[in-house]
Amino acid sequence: MLNKGHDYFHRVRFRQLSNAFACVSHLTIRERIKLFELGQHGKLIAEIGSYVGASACCFGAALLENKDGKIFCIDTWNNDSMTEGYRDTWAEFCLNTKKYSKFIVPVRGISVQVANEVCQYTSKLDLLFIDGNHSYEGVKSDWETYKKFLFPGSLVVFHDYGWADGVQRVIQEDVLANVSFTDRLPNMWWGTINKNP
Ligand SMILES: C[S@@+](CC[C@H](N)C(=O)[O-])C[C@H]1O[C@@H](n2cnc3c(N)ncnc32)[C@H](O)[C@@H]1O
């Protein structure tokens, strides 16, 4: 567990993440830094669940270092399955991610219904971040719908691994057989795809 002193150290050390650190999010400072590091792995990134843009800013900062790439941000921007209830978060997302707008392709809708829209841009992803509906059914349908974009060497990242039974169960039942080099923080899990899922 990091204390405030460590958080301050990381905020200074990773100045390029100042936009990501400024966004309201459940993501911890360490998770934001890890998403930034994992985002440098490739150029084509999709995230399911963007909320007001913290994770998109982490990936945006990574792509800014490479000067190239796309982030497919998939969300209803209606705060679906969030405890705070219905709210239109679109304007806040746009404002917070403005610095990275040249990389961002917003895909607005229910994740499993808009995968075809992502297909219009790419058939492959270097990194898939799943952080939308955390129920077992929600995580499973996101994995089943988007795994076709992954290939050996891609990364898959799940948030809320620490507390969400659905996330843990989908990883155990469906993801582990397709990955190697897995790692985790207390509430985030990732692995490298080792065969076409
Ligand atoms: C936990 S938040 C995402 C947090 C974000 N990754 C961040 O960096 O702070 C979950 C988001 O997923 C969206 N969401 C939930 N279920 C969804 C679904 N089935 N399709 C699309 N978006 C969904 C919600 O609207 C919400 O913005």
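Two residues are in contact here if their C-beta atoms, placed from the backbone, lie within 7 Å. By that rule Val 156 touches Leu 128, Leu 150, Val 175, Val 179, Trp 190, Gly 191 and Ile 193, leaving aside residues up to four places away in sequence. Welcome to a predicted model, in which local features need pLDDT of at least 70, side-chain atom pairs count only at pLDDT 80 or more, and totals for chains, interfaces and linings use all residues. Residues are numbered from 1 along each chain as its sequence is written.

**The sheet**
- Seen in order, β3-β2-β1-β4-β5-β7-β6 form an open sheet of 7 strands with mixed pairing (strands are DSSP runs of E, at least two residues, numbered from the N terminus; two strands pair if DSSP finds at least two bridges between them).
- β3 (104-108) and β6 (179-185) each have a single partner strand, so one side of each lacks a neighbour in the sheet.

- All 5 of the 5 residues of β5 (155-159) are buried, so the strand is largely enclosed by the rest of the structure (buried means 20 or more other C-beta atoms within 10 Å of a residue's own, with C-beta atoms placed from the backbone).
- Leu 155, Val 157 and His 159 lie on one side of β5, with Val 156 and Phe 158 on the other.
- β4 and β5 pair in the parallel sense over 4 bridges, and Phe 129 has Val 157 as its bridge partner.
- β5 and β7 run antiparallel, joined by 5 bridges, and Val 157 is partnered there by Trp 190.

Conventions:
A residue is buried if 20 or more other C-beta atoms lie within 10 Å of its own, exposed if 12 or fewer, and partly exposed in between; C-beta atoms are placed from the backbone.
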